[in-house]
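Open the model in your viewer and keep the selection panel at hand. The tour goes from one selection to the next.

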Amino acid sequence: MTADFSFKVLATDGNARRGEISMPRGVVRTPAFMPVGTGGTVKAMYMDQVRGVGADIILGNTYHLMLRPGAERVARQGGLHDFARWPWPILTDSGGFQVMSLSKLRKLNEQGVTFRSHIDGAAYEMSPERSIEIQGLLDSDIQMQLDECVALPAKPTEIERAMELSLRWADRCKTAFGDQPGKAMFGIVQGGDMPDLRVRSAQALKAMELKGYAVGGLAVGEPQQVMLDMLEVTCPELPQEKPRYLMGVGTPDDILKSVMRGIDMFDCVMPTRAGRHGLAYTRRGKINLRNARHADDHRPLDEESDCPAARDYSRAYLHHLVKSQEALGAMLLTWNNLSYYQKLMADIREAISAGALTERAATISEAWARGDL
Ligand SMILES: Cc1ccc(CCc2c3nc[nH]c3cc3c(=O)[nH]c(N)nc23)cc1
């Protein structure tokens, strides 16, 4: 147990790093996949199952939790860890991204964003200071700066305006966060698909000497190659000794290619959302259990998996649950999918230590290329 927040690189393989982030609430093995727990729950999972598949950290969402049940209420209940019975690390997003993608009647200016709740239409305002205050009320271990993420493609002037605003907001968040030894506030690199803006954003954030850095403004509809190109210009500008979090990414192939370009932390709604829609991720590719061809297939998803959802249930049964819209269908497929993602991350960590990430990545991607089976 450590009183401070620290990151240690244990091994490298090219630009890939294997490391550990240590916090008072636990250690995060990197490269790490962080299950999305938007409203204080990883949908269709018990928290001990989330821990059981190997997750060291989960995500919480400032936007959703401030609207319902309310940040002050969560604080009165002892903070998000006690509220949701997840005693290990939690990373929270700042809320701006969700405001811009979910809320109604939102207005953004230098001060922050004002918006109406997508739940009951109530009016709110979110400044950099209020975002950090809310994340503090949630007792979040890793807090994100408030930023403005523009969807791609976008006009260069728009991308530059949002990147510069996000830098000013980073400074205000750093001031509001102050000095909290066991916790961290990450800056978020913006700059869209423009290399020189990405470099300016990364260099300015590096000068703020933050405890970690996210790469934002990606996984917003751009082609994979654009995302990878931006990582190649951004990561070299960030401090080697600090963790790097690529927000909202991604497929197994995205993750492999991003680890090889220096990313340490990932989040993505896909494994949980896909599980609720009948899609199973396996090491041999994606399987759509809605498809009638599984109706009489007695095989499990993956007889070699150590996850009961993958090993002990027939595809015929899973197909039946999904077609009948039984809750157990979403539960078992979410369990399988999170287990697959954590196994992928464990394999990646192992491959980096063995200096064999390139070969391992090729094997995984080939299996995925075969697609539905
Ligand atoms: C609970 C939770 C859900 C989702 C997220 C990440 C959400 C997310 C993005 N998702 C895809 N692309 C993204 C870009 C950004 C970004 O530029 N800034 C921020 N603050 N968040 C992003 C964080 C927490």
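Helices (H or I, at least four residues) and strands (E, at least two) are DSSP runs, numbered from the N terminus. This is a predicted model, in which local features need pLDDT of at least 70 and side-chain atom pairs count only at pLDDT 80 or more, while totals for chains, interfaces and linings use all residues. Residues are numbered from 1 along each chain as its sequence is written, and side-chain values use heavy atoms, with hydrogens and water left out.

Select helix H14 (327-353). H14 supplies 6 residues, the largest share of the lining of the second largest pocket. A pocket here is an open set of points on a 1 Å grid over the protein atoms alone, where a 1.4 Å probe fits, with protein on both sides within 12 Å along at least five of seven lines; lining residues have an atom within 4 Å of a point.

Next, select the ligand, which sits in the largest pocket (more than half of its atoms lie within 2 Å of the pocket's grid points).

Now select Asp93: an N or O atom in its side chain is 2.8 Å from a nitrogen atom of the ligand. At Gly217, a polar backbone atom lies 2.7 Å from an oxygen atom of the ligand.

H5 gives the most to the lining of the largest pocket, with 4 residues.

Definitions and conventions
Polar contact = N/O pair within 3.5 Å; in protein donor to acceptor, adjacent residues only side chain to side chain.
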